Amino acid sequence: MERPRLVGIALLIVSAFTGTLAFRLATPAIAFYTRDVLNASMLSVSIVSMSFVLARAFSSVFGGLMLERGKKLVYVGAVAMMLNGLAVQLYPLTSTWVQVAGIKLLNGFLNGLGWPMAQFVIAVTTPDEIRARVTSVYFFFGSIASLLGNYVYAYTAGWGFSSQMWLSSAFFLLTGLIMVGSYALLSGWIVPKRKAPRGTEKPSLDPRRILIIASLMAVIVAFTSGEITYIYVSETLGLDKATTATLVGWAGFLATLLSYGVSWMADMGSERGTVVLTSILAAVSPLLAAVKTAPTVFLGIFLALFAFQSFRPISRKVLASYHRSSLAIGGVNGVQNLSTFVGGMLFGLAYSLGELHGVVTLNLALLSFLPVSAALLWETVKLK
């Protein structure tokens with residue numbers, strides 16, 4: 001692989017680390033600030049968390065359409081990432097959860113421009129025979145940062161909310177600068193739109209079916225997304241903030257570490273098998289997490305994250321071969337974020353239902369995901 005290409009891809013992987021560190025440090029800080037300082041209900045916390053993914057859903061598709069007009073517009077994503085550093089400075093100025101939700105909308109819009117463009121670039125500039133594994137490494141570095149970000153939050157818990165936001169800002173700004181350097185090096189390999197293929201040439205799996213599966217999976221694993229995860233784990237298991245952040249971080253890290261093996265299977269030509277595996281694991285994850293014990297809660301969170309982290313590089317590998325790859329990758333990001341919004345709101349609304357007591361204690365909010373799990377399994381059976 002050419003040296004500029006290799007360095008550019010390596011820089012993008014580094015940006016996944018620094019950007020996720022910035023985001024993951026801020027997420028538990030905002031969660032506990034909203035719940036404990038602003039005294040928001042669980043539904044309000046869900047709205048705060050899901051306003052981020054709702055905005056990210058629309059800007060992801062917008063970013064994909066934008067890229068089709070010219071590859072130089074990829075720099076817009078880098079600028080958006082830098083602007084995140086300014087946006088997080090607004091959180092300490094808030095006095096209501098509604099204001100927090102408004103800033104989350106801004107963060108979501110900016111992230112929706114920044115991350116899908118980076119995922120598109122790393123997918124289309126990497127040779128096809130190693131694409132799933134390189135994309136998996138990209139997400140893996142993000143997972144390392146997610147774990148470290150939770151530790152940084154725990155370490156800086158005594159600093160105060162404002163100081164934590166300053167640290168997050170610094171990493172967001174650094175991430176944007178790294179992206180600029182990467183895009184400059186990879187400019188010659190960035191091809192947002194190609195001519196439609198002729199004859200029978202097409203992606204290995206039906207892109208429409210991949211989008212449907214991505215949507216259903218995102219609804220199910222929404223309980224592991226954003227602020228609601230920390231509040232659910234802390235209140236269900238009676239854990240303090242620092243312990244909650246650390247354990248959630250480890251669950252995400254181990255899930256992404258093990259997902260690399262699934263990506264290797266996909267590169268070896270087993271795309272359908274890996275999609276089936278990840279769908280089954282995602283489908284059973286809310287049932288396990290609903291059981292009110294520490295092992296089952298964390299096993300459910302782990303399986304949800306493992307399934308989602310494993311599916312992401314496979315979906316990007318398949319969609320990168322589509323002739324409108326920038327729109328396809330932006331679209332799958334948009335679909336997943338919109339579905340995460342739906343799943344998160346479902347969880348927030350159902351949280352007040354409480355628990356079902358029997359041989360084991362079950363959280364009814366998580367049991368509400370079971371019809372979606374059944375639909376995911378049905379769509380997976382139809383995959384060709």
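Predicted model: local features only at pLDDT ≥ 70, side-chain atom pairs only at ≥ 80, totals over all residues.

Trainee: Which hand does the crossing of H4 and H5 have, and which residues make the contact?

Mentor: The crossing in which H4 passes H5 is right-handed. On the H4 side, the contact is made by Trp115, Ala118, Gln119, Ile122, Ala123 and Val124. H5 contributes Arg131, Val134, Tyr138 and Phe139. By type, the residues of this contact are eight nonpolar, one polar and one charged.

Trainee: At what angle do helix H1 and helix H6 pack?

Mentor: Helix H1 (residues 3-37) and helix H6 (residues 161-186) pack at an angle of about 160°, and their axes are 8 Å apart.

Trainee: Why is H1 called roughly antiparallel to H6?

Mentor: Angles over 145 degrees count as roughly antiparallel. The angle here is about 160°, and therefore H1 is roughly antiparallel to H6. H1 passes H6 in a left-handed crossing. The residues of the contact of H1 with H6 comprise 25 nonpolar, nine polar and one charged.

Trainee: How do you know whether Ile178 is buried or exposed?

Mentor: A residue is buried when its relative accessible area is under 20%. Ile178 has 14% relative accessibility, so Ile178 counts as buried. Ile178 lies in helix H6. Not counting residues up to four places away in sequence, Ile178 touches Leu11, Val14, Ser15 and Thr18. Between the C-alpha atoms of Ile178 and Leu73, which are 105 residues apart along the chain, the separation is 16 Å.

Trainee: What makes Asn39 count as buried or exposed?

Mentor: Exposed means over 50%. Asn39 has 63% relative accessibility and therefore counts as exposed. Asn39 is found in the loop between H1 and helix H2 (42-67).

Trainee: What is the phi of Asn39?

Mentor: Asn39 has a positive phi of about 55°, although Asn39 is not a glycine. Most residues other than glycine have a negative phi.

Trainee: Which residues touch the most other members of the largest nonpolar core?

Mentor: They are Tyr183 and Phe347, in a core of 107 residues.

Trainee: With which residues is Phe347 in contact, leaving aside its neighbours within four places in sequence?

Mentor: Phe347 is then in contact with Met42, Phe223, Ile228, Tyr232, Asn363, Ala365, Leu366 and Phe369.

Note on methods
Residues numbered from 1 in each chain as written. Heavy atoms only, no water. Axes fitted to C-alpha atoms, helices over the stretch in contact; angles between N-to-C directions. Helix = DSSP H or I, 4+ residues; strand = E, 2+ residues; numbered from the N terminus. Parallel < 35°, antiparallel > 145°, perpendicular 65-115°, else oblique. Left-handed = near helix turned anticlockwise from the far one by under 90°. Nonpolar A, V, L, I, M, F, W, Y, C, P; charged D, E, K, R; others polar. Core = buried A, V, L, I, M, F, W, Y, C linked by side-chain atoms within 4.5 Å. Buried < 20%, exposed > 50% of the residue type's maximum accessible area, 1.4 Å probe, protein only. Contact = heavy atoms within 4.5 Å.
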